[in-house]
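This briefing covers the overall build of one protein chain and then a handful of individual residues. Please keep the sequence and the structure open while reading.

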Amino acid sequence: MPRLQKYLYFLYFVLILTIIYIYWPGLTGDFEFDDSVNLLDNPRLPLNELSWSELWRVAHSGDAGVLGRPISMLTFSLNQYFFGVEPFSFKLTNLIIHVFVALSIIFLIRSFLIFLDKVGDINLGAIEISYLPLLVTAFWAFHPLNLTSVLYVVQRMTSLSALFTVCGLVLYSKGRIRLLIDNNRLFGWIAIVFGLVVFTLLGALSKESGALLPLYALAIEATIFKFRVAQKSIIDGLRLRQLWGVFVIVSAAAVGGALYLKWESILDIYKIRQFNFGERLWTEARVLFFYCRLILLPDISKMGLYHDDFEISVGWFSPITTIISVIGWAVIGLSAYFYRTKYFMFSFAVFWFFCAHALESTIWPLELVHEHRNYLASLGILFYGVVTIYLWKPSKRLVQAKFLLVPIFLIVLSVLTWIRSDQWGNLVDHAAIEQLNHPSSDRANYQFGRMYFKLYMQEKKYEYAEKAYFYLNKAKNSPYSDNGGYFGLVQLAFLTGQPLSLELMKDLNNRLKSRPFAASNVSFIQNLINCQLYQYCKLQEEEIILLLQNANENPTVLPSFRSALNSASGLYYANRLNDYKRAEVFLKDAIHFELSPQNVLNLAELYRVMGDISKARSTILWARDLDVKLLYSDVIARQLRDLDKVEKEQAK
């Protein structure tokens, strides 16, 4: 056994080095997509000092999700505090987390195999129990589908949540093995409860998908452990069933209560999507098969950061693959349930996959397709595939082919991930690949057009402007355009000195007024206003006002978006038109739609500019009362100091 352990340690070392090697080219890449809004443009994220109050503040600096994902936000802030805002350190931290998830998976798979071997469900020796977990983990860690959870910085939320989830499941599995062999029942129950409760909390505070840990554990229980305990421990079996009975009842009540209380809010969010509730469910049936295809037959030309070009199912038969997918999943799910004892490995893979997608691929009005949702989902399928191949007893002629298949597939996965990583290592190359692989994608075309836009700003070569126009126009004409192409073409016209198309402005105004108002429209409008205030944009004042009016009249605009629009309008009227009274109306409306410290501070700053120091001070104090998380304490203190200076100067 010591000799075997030495080999294992060596293989662990090789695994880690291989992971680092295949991902290393991508560490030189830039921030992508939502990284800006969560990290670069988040004024609350920077950490001023290493104190408990500051750590608490930055942990609550995020707006994503229900809980704000404080653990993830804290790690981002610490990254920035120690290493600055260069993307390399953020991506390297993500890679380290990926390595730890991989090591945790080894222990999880090993605990499964130990249990299954002990109860006689499969027959393995010590060598197989040692090497198979390493092999399964290698397939998972090298898989190119997991790349976005590593090199897409903000998806640290996914990998960190996955780390806590796997660690919690390791504890649960260790506890279950203790209950089986009945040599330390106290440790077994402590491990089970600690793994379920503490690590679920840690996972959920990293990303809401961490709350699925007990569901994963239930899938493991139903297929791997099957509620078995040692023969002498009948009481343990009863307690185990009671534990899961309580979990199912509490979970059903919690989900039902959340749906009852938030149903109207959920339907409101559907208003800003390109799809409705039914269309999402129909489409997700096809999306899940798309994910399975990428897991089993990884094709990096079908992968990407942007999948907004995925066709939406508008009915059971449109496209025809919708009904086929729905029936397919019904058959697979029912088969997994009814044959969970006989074909438990197959059932485990199906249940695990369903658990992984229980939040992000069901009724919640999220975007339809994202690869990072498969970060843990792929593990069940890969575990089933590797173990099934190993346990397969072919004829003698096929034995060599069987043992050659596994290393060949591992090498293919490694090469594919290295290629993707190298593509992600350069922002321009990555944008080009995304557009090439997704030529109908609004976002892929918009981002590539913006690349040429920036190159033209730097070098003033007209061929760059022509390329920018071409790809921004493709974004504008995409089936599910979010208006980025329109706004980009408006700015490009002013930058190049070309006449602004009246037809373009007419279409943009109509879209802002009548089409589903996506969150990206808020940032597009804010960027256009900043361009008008501080850069090269020269729209007529009535054109800006008309854009703002049409956006505000859109019935699908969510309250938080309407607040942002009113805030942008107020700042425009104050800074551009010097119409402080009208600006005050807009800023008060922004507060009406979202009572936040930032909105109140914007109004306070307006009062200071107007010279009404008394109102400015009382408004700042109002913002301080609202700032229960102390996220704006520095800003509030600075504004109060500025008012003190103004009062002293007035007193002189």
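Helices here are DSSP runs of H or I with at least four residues, and they are numbered from the N terminus. On that numbering, E360 sits in the loop between α14 (344–356) and α15 (377–391). The model is a predicted one. Its protein chain has 28 helices and zero strands.

**Overall build**

- The radius of gyration of the protein chain is 28 Å, which agrees with the value near 26 Å that a compact globule of 652 residues would have.
- Along the principal axes, the C-alpha atoms of the protein chain fill a box of roughly 85 × 55 × 45 Å.
- Of the 652 residues in the protein chain, 52% are buried.
- When contacts between residues at least 6 apart in sequence are taken, 72% of them join residues at least 24 apart.

**Surface and charge**

- The protein chain has an accessible surface of about 30,200 Å², and carbon and sulfur atoms account for 63% of that surface.
- There are 62 positive and 54 negative charges in the protein chain, and their mean positions lie 9 Å apart.

**T223 in helix α10**

- T223 belongs to helix α10, which covers residues 213–225.
- Buried means under 20% relative accessible area; T223 has 0%, so T223 is buried.
- A polar atom of the T223 side chain lies 2.7 Å from the backbone oxygen of A219.
- Beyond its neighbours within four places in sequence, T223 contacts F344, S347, F348 and F351.
- Y337 is 114 residues from T223 in sequence, yet the two C-alpha atoms are 9.3 Å apart in space.

**V170 and L160 in helix α8**

- V170 is in helix α8 (residues 156–181), and L160 lies in helix α8 as well.
- The relative accessible area of V170 is 14%, so V170 is buried.
- L160 has 7% relative accessibility and therefore counts as buried.
- With neighbours within four places in sequence left aside, V170 is in contact with S104, F107 and L108.
- V170 and W364 are 194 residues apart in sequence, and their C-alpha atoms are 29 Å apart in space.
- L160 and N437 are 277 residues apart along the chain, with 29 Å between their C-alpha atoms.

**Buried residues in loops**

- E360, in the loop between α14 and α15, has a relative accessible area of 14% and so is buried.
- The side chain of E360 makes a polar contact of 3.2 Å with the side chain of K207.
- Apart from neighbours within four places in sequence, E360 is in contact with K207, R280, L366, H372 and R373.
- N483 is placed in the loop between α19 (462–476) and α20 (484–496).
- The relative accessibility of N483 is 4%, so N483 counts as buried.
- Not counting residues up to four places away in sequence, N483 touches L508, R511, L512, N521 and F524.

**Backbone features in loops**

- A cis peptide bond runs from S318 to P319, with omega near 0 degrees.
- P319 is in the loop between α12 (277–296) and α13 (321–338).
- N578 is not a glycine, but its phi is positive at about 55 degrees.
- N578 is located in the loop between α24 (559–575) and α25 (580–593).
- L630, a residue other than glycine, also has a positive phi, near 60 degrees.
- L630 is found in the loop between α27 (613–626) and α28 (633–651).
- With a relative accessible area of 46%, L630 is partly exposed.

How values were computed. Residues are numbered from 1 along each chain as its sequence is written. This is a predicted model: local features need pLDDT of at least 70, side-chain atom pairs count only at pLDDT 80 or more; totals for chains, interfaces and linings use all residues. Side-chain values use heavy atoms; hydrogens and water are left out. Helices (H or I, at least four residues) and strands (E, at least two) are DSSP runs, numbered from the N terminus. Buried means under 20% relative accessible area, exposed over 50%, partly exposed in between (1.4 Å probe, protein chains only). Contact means heavy atoms within 4.5 Å. A polar contact is a pair of N or O atoms within 3.5 Å; within protein, one must be able to donate a hydrogen and the other to accept it, and residues adjacent in sequence count only if both atoms are side-chain atoms. The radius of gyration is taken over C-alpha atoms; the globule rule is 2.2 Å times the number of residues to the power 0.38. Accessible areas come from the Shrake-Rupley method with a 1.4 Å probe; for residues, only the protein chains shown count as cover. Lys and Arg count as positive and Asp and Glu as negative; His and the chain ends are not counted. The place of a charge is taken as NZ of Lys, CZ of Arg, CG of Asp or CD of Glu.
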